[in-house]
Amino acid sequence: MFNFPRLMALAVMLALVLSGPVRAQDATVPTTLPTVMDVRVSATPERARLVIDLGTQTQFSLTSLSGPDRLAIDVRAGAITLTAPQGTPSGTGIVSGYAVQQIGADRVRTTLTLSSPSQVQQAYVLDPFEDQPARLVVDIIPATPEQFATNVKNDLTAASGVVAPKVADTPTPAGGSELPIATKPLVVIDPGHGGIDSGAETASGIKEKAIVLAFGLRLQQLLVASGRFDVALTREDDSYLKLEDRVALARTNKADLFVSIHADSFQQPEIRGASVYVRDENATDVLDKVLADGENRSDVVAGYTMPQTAPEVVDILVELMRREMRVQSYTAAQSIVHQLEPSVELRRFPVRQADFLVLQAPDVPSVLIELGFLSNAEDMANLLENGWQDRTADAVARGISLYFDSLKPQE
């Protein structure tokens, strides 16, 4: 087992020295109530997503309501600045409409009207990032009528005996102003490249950025469906994000694991197989250094200048924390490889080391998965085959679960 008390002590000391973000599981209650700035809902017959833009991170709760069937999402907030406090979702599906109301001095409720019984699959809050405000993201999936009825009953039981501001006859979640927050581990999936940076590309025009995005979305669905994790992606479409911004997103949101997804190319077409990397300045072999150098140059290729390393010597506390994260990253890589081995072609010594800048976070365990090589015909056929993608994503998801199982305290 890892020495977590020592790691957290180091984190506290590091915060005092650097005044930067440090990993923590408990969200803080805002001293100033945020404003609900925008609400967006998208829907399909299979799923729906609610996104609430907030002035700062805050607490939230979720309630299932019947007559008619609805989902109520409360956030601790002091005001609403929406121009249209109600509307219909983009797309047609399991949510038919929504309304936003201030139901108390410190509470804003978004009520989703359901077309069919549904339930929350995952919900998490993201910290502000560059020009993006804090956000509550709620993913919703279909439920059976029995499941929905059980959720309504459980929520009514939890709310019984609580005196709080209400809308009509709908119950307010238990706890008054102290709304519960999600405490699942946050996994950040980073589909490499995107936008003007295509990554590796075949002569026929198949691009790495498209392959890894499709795989990242598959992996997200599997992890969310397990019910164990909150899962965010650094990109969900063909957009470009600098390497340091990918790392900053994971650090800002205090991710518990960062997983970068790639599928590279090499001048020797016989090289093939998947591998999992952790960061080390000393690459495992020449190929690993070539691959890392290629990824690290992507920002330059895309027209950006890489940030310069600070001239001062890295503080000893930072180095100690990096060592702790490397140990955890290596454990995560081993767990993923262990699950990949039975059904996926792997490179020799599949847990490898290279100086990938995207793995540089000193306070977030980070791994980079190379799915295979676009320069190898067999790997290329696998990367384009749905069955292989599903089997591989399932193995990676099992590996991530195995890693978090290894972090549980020994009985």
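## Basis of the model

Because the model is predicted, local features require pLDDT of at least 70 and side-chain atom pairs count only at pLDDT 80 or more, whereas totals for chains, interfaces and linings use all residues. Residues are numbered from 1 along each chain as its sequence is written, and side-chain values use heavy atoms, with hydrogens and water left out.

## Overall composition

The chain contains nine helices and 16 strands; these are DSSP runs numbered from the N terminus, with helices (H or I) of at least four residues and strands (E) of at least two. Of its 411 residues, 50% are buried (under 20% relative accessible area, 1.4 Å probe, protein chains only).

Among contacts (heavy atoms within 4.5 Å) between residues at least 6 apart in sequence, 75% join residues at least 24 apart.

Five strands form an open sheet in the order 3-4-8-7-6, with antiparallel pairing; two strands pair if DSSP finds at least two bridges between them. Its edges are strand 3 (60-65) and strand 6 (86-87), each pairing on one side only.

Strand 3 is joined to the antiparallel strand 4 (residues 70-75) by six bridges. Here T63 lies opposite A72 of strand 4.

In strand 16 (residues 366-373), eight of the eight residues are buried, so the strand is largely enclosed by the rest of the structure.

Strand 13 (residues 257-264) pairs with strand 16 in the parallel sense over six bridges, and S260 stands opposite L368 of strand 16. Strand 14 (residues 274-279) pairs with strand 16 in the antiparallel sense over three bridges, with E370 in strand 16 as the bridge partner of S275.
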